[in-house]
Amino acid sequence: MSARQSRSASIPIPAARNIENVISMPFSTTPSALSTTRPRLISNTRPLTVHGSPDRGAMSTSRTNVASSPGRPVTSGSYSSIVARPIVGSNNANHPPFEPRIIRATSSPAPPVNPIDTTCLPNPTPPATARVRRPSTGRHTNVTASSASHIIRPVLTPNASIPAPSGGASLHASPQAFPRPAYLDHSAFRDLIRTNATVPVQFTEPLQVQRTLTGTTSNAPIPAPYPYLRRALSPAIDSDDEGSASPPPPAVSNTTSSKGIWSGKATFPLPTRWSEMDRHASLSISADGRDLTFCGPSCPGDRDSAAARANEPIPPACGIYYYEVEILHKGNKGHISIGFSCNDVRLSRLPGWEKHSWGYHADDGWSFPGHREGNPYGPVFDSGDIIGCGVDFSQNRAFYTKNGTFLGMVFENVGTDLEVYPSVGLRHTGESIRVNFGHEPFRFAIEDHVHSAKNRVWSNIQSTPINWHVLRGESAKYGEVVEGKKAGTHDEDDDAKESLRKLVFGYLAHHGYLETAHAFKAQCEGKPTTMEDSEFSDARDDEEDMDMDEGPSGSLSSIDEERSLRTRVNIMNNVLKGNIDAALDQTCAHYPSVLEREQGLMLFKLRCRKFVELILDASEALKKVKSGDAASHERGRDTTVATKVDQEGGEMMDDGGAMDVDDPSPEAQTHTSNSPSLDVSSSTTSTTGKKETTSRSPSSSSTASSPSHSSSGSALAKAALHNALKYGQTLESDYKPDTRPEIRSHLKRTFGVVAYPDPLAVGGEVAEMAGQEARVRLANELNQAILESQGKPAHPALEMLYRQAAACVAELGTQGVGAAAFADMSREFLDS
Amino acid sequence: MPPSNKSHIRKEEWERRLHDVHISRNDLNRLVMDYLVIEGYKTAAEEFSREADLSPSVDLESIESRMNIREALQRGDVAEAITRVNDLNPEILDMNPALYFRLQQQKLIEFIRQGRIQEALEFAQEELAPRGEENPEFLSELEKTMALLAFESSPLAPPAIAELLSPGQRLKTASAVNAAILESLSQAKEAKLVGMLKLMSWGASMLEEKADFPKLDVIEGTFN
């Protein structure tokens, strides 16, 4: 307190330092850094040397500015060593001689010299007149990715202070950067909530621009990939998994559309300081943007006051937002109001007196909900007290805390229609406060509070009765009118169970989990091992039971469907094993239209894969030759290789045979009498010889093409390579006329595989092109194409359910529905 | 445009957002596995574990014993169910007097259903009445059950009482036992997919007030 007392407008402010040195430390922009660097952690784990007087209780620890990690080569007075590292200018508040504050002239409350919010500038930029409020390009964003961890590190800077603005020179504050407060980790939108505004957020930004940016790969302007909304950074979005589970992006998207996260607000910036612009002239703001001091003569009138708002509104996507204010000097009367206001509220009134503002007053402890008639709410507060102030957007109510004690919920409809800003109002000379927007650990256990609120909201959501009309894609209102398809006790549980079985069965069938699907179906309709299919069925349930029986089994009811599923699974398995010929034959026999889709794109891809398989076989054969050579040197035997290869070939043949047995259709014959759509490939197969097509397996073809025991391994390898290259030549010439870019690039990447003796070992794009993942991707594409050719959705309903729910929640969040922040799908459903 | 200030989200835009949702095949597989385990599809869970290369979160054998208990209750064989629950884990009933009472009540109901009135009376007096004295809720349940005797199978019985004889009552008891067992295994009581349906219903209803957006028929997986 005493340190604060000495503050006055007359404090001399040394202007010794170069402006670049005190400009805002860059804000972090990497989500990982943000999420791992928490203020609490930092202040607890860093060795701090406290020089300041701990006269402010708990706050003093984190406020301690004259501290440094002992190991760091920062020596007091050695100014130049500090220059290079990030500096938190405001951390020097306790250092006696200097105050890192800007004191404005009290006599002339002229408009701010430079009415520009410098807080958000993440990067030291030279003083410039053409400064923009928010950088609209991403060029600042990458500067400090790695510096996030130093952000809060206090630096011993004996001379650290802010140069006073001289004359009309631009003012450059030294805001204190801080990572996203830990309590916000409970919001489902955590990755979009940021303490800076470096993302190109321009509300007027044309949608097309935004789109273009998100469409490009690495320049996507969303630095924090929001788990629900993440734009694929690479075209192969699901390559990390068993295959694509996502719908293809719509071809055209240069449409106008709604407001929301996608059309402008890519992230939710948090308040980080008091706004230089949005404050009453009688209030001065410290250089770090955290202190407010009433500098003019006390407000004369009964109503006249001076208020300030934070630099950013509070994003409802926080779910709950919280900040704390330390009363530095209450002054004589203590006319201090802490709360919120919308930006249409006059700054000459205390928050809470005017409509769209809410405040808790120090002098009487009353709360004011937007007019001058307040209500008794909490205790009065005084210098040294820490008042916390939160908004719960899931209820649109506010709450306060005093020195860590919860004071209760208050107000209604906070932030329902307009954006609210943290706001504080003062009235008399000498009154001053210091805000903590997350710069330091909070006094109140806000994390616990948010955690329990989140659980409450989630269990509320989970106990809301299911509206089946909504789930069938009908209007909820329609549902109200037609309510009562089943009266009374027939509970939604049955509906839910039946629907889920349908969804699960559809999912299993879609992806070809054949045995699971069978077992599931059998258990659903067969023995009454589940409650729903129990032996009971009274009159009421009869109808329902019928429905149920048809539910999961419906899509498998006919033998045709069953066979179709098996065939599809066989085709996928063949692709997964690399038996492309077999897959081609089966597809051709059962789903000829699939190969013709998109002007033969699927056929093209399969043939490319066939080529890759041939190359892989050749490389495998070569490897065996090499290891065989080594072996023969050691053991003096030469026959090992040949036998090995023989065995391999035999196994492969067996595999192919098993497939045929599984599949009742005689496509073993069809491959020679090719259908029109296979003409292209038939030409190649005929060039490579009949033996290969019959045996299906490329490696077995090479085996077969050479008299087994007498031939050496190297001959086999050569034949395999020759075989592959020949196929490649045909492929190239077949598709030469096709100028579609996707064809060209795919072909190019396919042929890129040839350049490596062992493509799988190369890694990177080549291995991606050659490896099992590529097979998986292809199998999934083929599967999807087959399903679509049958008029089925390209994606299982279960997956669509997840995506639709996630999109709804995300849109709710951007529309200001705070409860959506606590509907954290990835945590509730995906984390185990 | 309608007079409301609802925003309108076009289909293309909405589809793009759906595409952007991050969900992997593996995530979905785990949701399905969770469902199979919790709902007790043991064979399917075993197959799925193999086909999808996923390890189930619990010992699949425990599914079987859970299902046996369920079946026993659905058959009306309460004594068998109680024995099996105690075989599985005696603490489940020890720690949960309300559940134990519920099972005993079910046993009483089964006696009445079978017309074994004498046994029903004896059982009620010896086993249930003392518990009813301890807890007013138990007492009222007991009274309700005993009222069955008065109505026998008369169609005049009030629904609340006749309901006790319905299969629904058995199902409810079986559900409660199932949930208690799951809890004792540190498993969620409800499959996550159930929660997803609930969230979907909540989210779509909420959003409908705010925006026009393409509605999904969740069951078919297609847009209306």
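This is a predicted model: local features need pLDDT of at least 70, side-chain atom pairs count only at pLDDT 80 or more; totals for chains, interfaces and linings use all residues.
User: Where in chain A do Trp274(A) and Phe437(A) sit?

Analyst: Trp274(A) belongs to strand 3 (residues 274–279) of chain A, whereas Phe437(A) is in the loop between strand 16 (432–436) and helix 8 (446–463), so that distant parts of the chain, 163 residues apart, are linked by this pair.

User: And are they buried or exposed, Trp274(A) and Phe437(A)?

Analyst: Trp274(A) and Phe437(A) are both buried.

User: Switching to chain B, why is the pair of Phe111(B) and Phe123(B) edge-to-face?

Analyst: The ring planes of Phe111(B) and Phe123(B) stand at 65 degrees, with the centres 5.7 Å apart, and because planes over 60 degrees apart count as edge-to-face, the pair falls into that class. Phe111(B) lies in helix 7 (residues 97–113) of chain B and Phe123(B) in helix 8 (residues 117–134), 12 residues apart. Both Phe111(B) and Phe123(B) are buried.

User: Back to chain A, which residues form one aromatic cluster?

Analyst: One aromatic cluster is formed by Tyr183(A), Tyr322(A), Phe399(A), Phe406(A), Phe442(A) and Phe444(A).

User: What about charges, which ring face does Arg372(A) lie over?

Analyst: Arg372(A) lies over the face of Trp353(A), at 3.9 Å from the ring centre. Lys610(A), for its part, is placed over the face of Tyr727(A), at 5.6 Å from the centre of that ring.

Key: Residues are numbered from 1 along each chain as its sequence is written. Chains are lettered from A and ligands numbered from 1 in the order in which they are written. Side-chain values use heavy atoms; hydrogens and water are left out. Helices (H or I, at least four residues) and strands (E, at least two) are DSSP runs, numbered from the N terminus. Buried means under 20% relative accessible area, exposed over 50%, partly exposed in between (1.4 Å probe, protein chains only). Rings of Phe, Tyr and Trp (its six-membered ring) pair if their centres lie within 6.5 Å; planes under 30 degrees apart count as stacked, over 60 as edge-to-face and the rest as tilted. A charge sits over a ring if NZ of Lys or CZ of Arg is within 6 Å of the ring centre and within 35 degrees of the ring normal.
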